[in-house]
Every structure is written in structure tokens, then in C-alpha cells.
Amino acid sequence: MSEEIHNDSELSDVARLFFGDEFPVVYIGCDGNIYDVEIENISYRIDLSDTDASVMPAAHRRKRMLKIALYDALTRHTGRRMAWGALTGVRPTKLFYECLAGGKSKDEAVDVMKSVYRVAGTRADILREIYDAQRGNVHFSSEYINLYLHIPYCSTRCSYCSFVSMPVDKDREQVSRYVELLCDETERSVSFLRERGKKILSVYIGGGTPSALDADLLEKVLNSVKEFDVEFTCEAGRPDTLDECKLDVMRGCGVTRVCINPQTLNDATLGAIGRRHTSDDFFRIFEAANNRGFEINCDLIAGLPNESIDDFISSYNGIRELRPHNFTVHSLSKKNGSAIRYDSDENADIAAMLDYALNNRGDYRPYYLYRQKRQAGNLENVGFSLCGCECVNNITTMEETVGVMACGAGAISKAVSEGRIARFANMRDVGLYLERYQEKTNGKLKFFDDFFMTDIM
């Protein structure tokens, strides 16, 4: 009996790869290894007898095979293939690790990604490189946990952004109150973890744009976690929010890594997407941060509005020549909360941009990778690093091997132990966070206590 895929979110995601948000009615049914797929009144029979389903966990086997059959039918229907094949999930590396855990060698795991999940050869090979880069940096012990603090404020809102954030200048009194409660939540969370014998693996201050805070408030936030001698990252994604005073504050509070994200070095694009800085502003603050000994991460976005392949290549080469310790190339993800909408016609240019980055990285190597829903071209965000400069927080958060104690509005905590993962979300709205702070913080700590107790039992 056939079922309409609109009623299934995962199968709908496969169709969306080929058609965007407006995809036709599709039906799929199966009898053993034979799948019948109807697309726009055209029927396709897909035989998956040669597809090795034994590499999949039994609990996920049926759904994964349905997605592969649907992908094969859509490929025949449209004549197109996707870089990540039938995969629609956020973390392709998890499937690679899954193969290794099942006894496959690295070469065999690459073959599974290609032959079973239809992943293109270049992308499957990236997973092997990422695995090699992550060795020694992946922690699986439930003894460790990452600490995350969220700053939901920015100087302006970028047109591609879907995060819940507020202009930092809108309500200074609220910002001050928010920082006060964030520091209190952090103190309570750290004390809670200590009492239960947990160790902080890394500290990450994200947003929003943490450096949008005034220097005194930023220092207050950083001081709440300065005691830990661990990898300590602070996002300063908007060069217009950063100056030498704030860099000195970060350095004095023990920050070891800073993210300075131009997104593009094309000044016309920067203005069009709502950023208040120029490429020269970025170069100036990059030099100031580099002179202070920070490890630096930079972000670029492939597929920004009206940017050509040559525009992206110019930005990419400009960033790489600066030799930051890490840089991440994002393919544009057009979400409901952003001002930009998905257009599948742009996929070819964005794919060419990503391919250029992968093929022209010099002595950088990919070390983490993740994907997002409605990501143009079914592509990826990939982080590159100089050898030995990998960000442990990025690795363990993306691979979900270490839990996250998250503080602040919109922050999502994650408890992890031996494959079990549970999440707890704080209120996204800043006003509600302030109003219900005690209730939600108590609830978060109880969530972790219940998880830890189950882990012991």
C-alpha cells in the first residue's frame, strides 16, 4: 500500500532536495526490496536488492531504505544527483562513525557512504578526513560537559539570519538585567556540575553577538567563567562590535579563541545583507586579535544574494591568505525566520563555491561538518583547521559525544551518555526568560539530575 510522502517529514525532506519547498504529490510503497514510487503521475520501480541494509541499525532500517528508494526515483525523474545523496540529516559524520562501530574499516565506511547512501565521492572522502582530524579530540566520557552561554543581542539583523536576537541598543536596562541573570544561571549551573563530579571540557560564549555588549557587561559575563583552564571561545562575529578594549577584556578574562566573521569580503554584499562594517574593518580587527595571541576562527557564506562564484573565490582566498587557525565555509540555509527564501536554481553556483573551497585549502584540513534543513543544494557547512588547532567544542558539540550545560535565553542544554541524548530548552524570548528565570533554571537543573540518576541506574 502506497503512502503520500507529504505526511512524513523525513521523506518530504528528500523531495525538497529536488523541488524546494513546493514539491509535487509523491506516493511510495514497498514489497520487500521492491519500491514503487509515483511522481507527477509517472511511476518508477526501484529495486534495492543490492543495497546493503545490514549496515543500518534495525530501528532505522525501514525509514532509511524508503529514503534511498525515493532518492533513486527522484534522480531518475529529474536527472539530478545531490552531493550528499539521500542524506537529509544534520550530522553525516555520525553515519561514518556508525559504520566504524559496526566493524567497518575507514575505506569500507567510505564505500558504504557511496554505495548505500548515494553520497558523492568527494563528500564521502571528506568524512574520512574529518575522522582523522577528530582523533584525539573526541571525548566520549560522561564525566565531561561543555559550558555554553548565550547572548541574544546583535548590532543589526542580517538578512540571512533566522536566530532569535534583539538589537542591543533597543533596551539597555533589559540588557543589563539579562546579563545579571545569565551570570546567576551560570554560577548555579557550574556549582551544580561540581557537586555531581562533572568536569568542564570547554567554554563557549555564543549568540547573537556577544561582543555587541558594552565592555563592562562583556567583562561581567566572561568573569563568570574565567576560572576554567580550558578551551575558551567567544564569538565576536561582527567586526563593528569589536575594538581593542574589548579584545583586552577577553584576553584578561582568559578567552583563548575568538570568532571574527566577515561572511564576505565584498563591501556591496555586506551593505545589502545588513552588516555595519566593511572588509577593511574586518582586516583591522583581525590584525589586532592576532597580535594578542588569540586563536581565530572566521566564517564565510557561500550563496549570499547577488554574489558570483568569483566574488566568493575572492573572499575565500582573502581569508585563507590571513591564515586564521580555523575557518568555516557555510552554504546558505534559507529558513522561515530569515528574510531570504530558498531558490533551488541557485544550487549550481553554491555547489561550485563549496567545491572550490574543498579543492583549494592548502594545508588546512576539514575537521567538523554539519548540515541544516533547507540548505541550498543539499550541501554542508564545513570547518577547516590548521593541524593541531581544531576546536574541541565544535567537534564534541557536532558529534554529540559530550553534553552541553547551556545558559541564557534560547540556549538548549543537552545531556549525553552512551548514545542517549536528551535536550532542555530555555525560553527563547528574552522577556519571558527574565520573567520565568527561576522556574526554568530550576527545571533545567532537575532535568540534568534526572538524566544523571538514570545514567547511574
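The model is predicted.

**Exercise 1. Classify the ring pair Phe327 and Tyr364.**

Solution. 
- Step 1: A pair of aromatic rings is described by the distance of the centres and the angle of the planes.
- Step 2: take the total. The structure holds 20 aromatic pairs.
- Step 3: apply the values. The ring centres of Phe327 and Tyr364 are 4.8 Å apart, with the planes at 70 degrees. Planes over 60 degrees apart count as edge-to-face, so this pair is edge-to-face.
- Step 4: Phe327 lies in strand S12 (residues 326–331) and Tyr364 in strand S13 (residues 364–370). The pair therefore ties together parts that are 37 residues apart in sequence.
- Step 5: Phe327 and Tyr364 are buried.

**Exercise 2. Describe the pair Phe448 and Phe452, then find the charges over Phe452 and Phe451.**

Solution. 
- Step 1: read the geometry. Phe448 and Phe452 form a tilted pair, 5.7 Å centre to centre, with 45 degrees between the planes.
- Step 2: check burial. Phe448 and Phe452 are both buried.
- Step 3: look for charges. Lys198 lies over the face of Phe452, 4.3 Å from the ring centre. Arg420 lies over the face of Phe451, 4.1 Å from the ring centre.

**Exercise 3. Characterise how helix H4 packs against H3 and H5.**

Solution. 
- Step 1: Two packed helices are described by the angle between their axes and the distance between the axes.
- Step 2: treat H3 and H4. The axes of H3 (residues 92–101) and H4 (residues 106–115) come within 9 Å and cross at roughly 130 degrees. That makes H3 oblique to H4. The crossing is right-handed.
- Step 3: name the contacts. Pro92, Leu95, Phe96, Cys99 and Leu100 of H3 meet Lys106, Ala109, Val110, Val112 and Met113 of H4.
- Step 4: treat H4 and H5. H5 spans residues 121–134, and its axis is 9 Å from that of H4 at an angle of about 145 degrees. H4 passes H5 in a right-handed crossing. Contacting residues include Val110 and Met113 of H4, and Leu127 and Tyr131 of H5.

**Exercise 4. Find the backbone geometry at Gly208, Glu40 and Gln263.**

Solution. 
- Step 1: inspect omega. The peptide bond from Gly207 to Gly208 is cis, with omega near 20 degrees. Gly208 sits in the loop between strand S8 and helix H7.
- Step 2: inspect Glu40. Its phi is positive, near 50 degrees, although the residue is not glycine. Glu40 lies in the loop between strands S3 and S4. At 43% relative accessibility, Glu40 is partly exposed.
- Step 3: inspect Gln263. Its phi is also positive, about 70 degrees. Gln263 lies in the loop between strand S10 and helix H9. At 9% relative accessibility, Gln263 is buried.

Key: Residues numbered from 1 in each chain as written. Predicted model: local features only at pLDDT ≥ 70, side-chain atom pairs only at ≥ 80, totals over all residues. Heavy atoms only, no water. Phe/Tyr/Trp six-rings, centres within 6.5 Å; stacked < 30°, edge-to-face > 60°. Helix = DSSP H or I, 4+ residues; strand = E, 2+ residues; numbered from the N terminus. Buried < 20%, exposed > 50% of the residue type's maximum accessible area, 1.4 Å probe, protein only. Lys NZ or Arg CZ within 6 Å of the ring centre and 35° of its normal. Axes fitted to C-alpha atoms, helices over the stretch in contact; angles between N-to-C directions. Parallel < 35°, antiparallel > 145°, perpendicular 65-115°, else oblique. Left-handed = near helix turned anticlockwise from the far one by under 90°. Contact = heavy atoms within 4.5 Å.
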